[in-house]
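Welcome to this short tour of a protein model. Please take a look at the sequence and the structure before reading on.

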Amino acid sequence: MKDDVVVASLRARAKPWTRGNRFEDFAVGRAFRHHWGRTLTAADNVLFTTLTLHYNPLYTNLDYARANGFADLVVCPLLLFNTVFGMSVEDLSEGGGPFLGVDDLAYHRPVLVGETVYAESEVVARRETGSRPGFGIVTWHTRGTDADGAPVLDYKRTNLVRKRT
Amino acid sequence: MRQATARTSIDNYFEDFEPGEVIAHARGKTVTEMDNVLLTNMVMNTADGHFNEHRMQQQSRGIAGFDTRIVYGGISFSMVIGLAAQDTGEQVLEERGMDKIRLRAPVHHGDTLYAFTEVLEKTDSNRSDAGIVRFRHYGINQHDKLVYEGERTVLMRRRTIQTTSS
């Protein structure tokens, strides 16, 4: 078969395996246990900290972290936030719509390199908006937990979310 | 330990900040495709509007600024806080939280970010060697357009340990 015939056949036969939810899927109170979990490595931490210019040596100097009473490098809290957020995206916001803001974010304790974090969310509010046709506004409460299930951070996030119709 | 001491600035301790002051931070950063795609993928943010240029061009639906990849907002505001971090984070012992974070405008590859900080509040903590500072950080782009604002609360080292509980 010619390559263009193969591609045409794929286009004709393939069933889309879609990802993400839409505005209508977010009934208030609906809960999500997000996928995967993530071990935060020293490589992640140093790359994130250096590329974002976050010059606190707790995140990049083990000698300094130990001198301040930590057993290992501290995970840059913004890396922790972004990783928990990242794992929540498929369930919450991959369906489309801009990220508007975050409120009430609390870090519950410092997380050290080598720890594994998980993410879960609950829909706390959903409303219509006149500002953009075809979208609504959804707010979720997201929690990041450690391997024992204890919270390491939580926050409320608000997005414009695309409607199905 | 001996080597680790005295390797940070001398002018960014708890005592050095006054509520009401506004700081313009020294450096800017041009957010590159490398920054956005690398960090977005590293934190496993699966929204391909941050890493699929073809789809963004095909499916923009006419929304201004959304016809090309958008820098993931968590990366752009981490960059703004990073630009403020040597001044307002080098002596931080614990980040405590963030609030009222608002992403005002999309950021694209090639945009340059600058950071400003307003000192909102200082309070004592339960530690004699550190106090709590609440900042509001702002990020603007190369066109002086506000792209980010948000509060951040930190536990910051004091230069001098408090001997009385005032």
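## Where the chains meet

This is a predicted model, so please read each feature below as part of a prediction. The contact between the chains draws 40 residues from chain A and 37 residues from chain B. On the side of chain B that touches chain A, the elements giving two or more residues are α1 (33-42), α3 (73-83), α4 (85-89) and β2 (92-103) of chain B. Of these, β2(B) contributes the most, with twelve residues. Sorted by class, this side of chain B holds 16 nonpolar, eleven polar and ten charged residues.

Strands take part in the meeting of the chains too. Strand β3 (residues 99-107) of chain A is joined to β2(B) by four bridges, and the two run antiparallel.

## Strands within chain A

Six bridges link β3(A) with strand β6 (residues 151-162) of chain A, and the two run antiparallel. Along this pairing, Y107(A) faces L153(A) of β6(A), while D103(A) stands opposite K156(A) of β6(A).

β6(A) also pairs with strand β5 (residues 135-145) of chain A, through eleven bridges and again antiparallel. Here T139(A) has T158(A) as its bridge partner in β6(A). β5(A) and β6(A) form a hairpin with five residues between the strands, where G149(A) takes a positive phi near 90°.

## The nonpolar cores

Next comes the inside of the model. Its largest nonpolar core has 62 residues, and the members that touch the most others are V75(A), L80(A), V84(A), L153(A), V80(B) and L113(B). Helix α4 (residues 77-92) of chain A supplies the largest share of this core, nine residues.

What is V84(A) in contact with, leaving aside its neighbours within four places in sequence? The contacts are V117(A), A119(A), T142(A), G144(A) and L153(A). Another core, of nine residues, lies apart from the largest one, and its members include F14(B), F17(B), V92(B) and V133(B).

## A helix pair across the chains

Helices from the two chains also come together. The axes of helix α2 (residues 42-51) of chain A and α1(B) come within 11 Å and cross at roughly 145°. The crossing in which α2(A) passes α1(B) is left-handed. From α2(A), the residues making the contact are D44(A), L47(A), F48(A) and L51(A), and from α1(B) they are D35(B), L39(B) and M42(B). By class, five of the residues in this contact are nonpolar, none is polar and two are charged.

Which residues of α2(A) are buried? They are N45(A), F48(A), T49(A) and L51(A). These buried residues pack against α4 of chain A together with α1 of chain B. Both F48(A) and L51(A) therefore belong to the buried set and to the contact with α1(B), using the burial cut-off of 20 or more other C-beta atoms within 10 Å.

The last stop is the backbone. Most residues other than glycine have a negative phi. L53(A), which comes after α2(A), has a positive phi near 60°, and this residue is not a glycine. You can find L53(A) in the loop between α2 and α3 (62-67) of chain A.

In chain B, D144(B) also has a positive phi near 60° in a residue other than glycine. D144(B) lies in the loop between β4 (130-140) and β5 (146-157) of chain B.

Are these residues buried or exposed? L53(A) counts as partly exposed because it has 18 C-beta neighbours inside 10 Å. D144(B) has 7 C-beta neighbours inside 10 Å, so this residue counts as exposed.

Conventions:
Residues numbered from 1 in each chain as written. Chains lettered and ligands numbered in written order. Predicted model: local features only at pLDDT ≥ 70, side-chain atom pairs only at ≥ 80, totals over all residues. Contact = placed C-beta atoms within 7 Å. Nonpolar A, V, L, I, M, F, W, Y, C, P; charged D, E, K, R; others polar. Pairing = 2+ DSSP bridges. Core = buried A, V, L, I, M, F, W, Y, C linked by C-beta atoms within 7 Å. Buried ≥ 20, exposed ≤ 12 C-beta atoms within 10 Å, placed from the backbone. Axes fitted to C-alpha atoms, helices over the stretch in contact; angles between N-to-C directions. Left-handed = near helix turned anticlockwise from the far one by under 90°.
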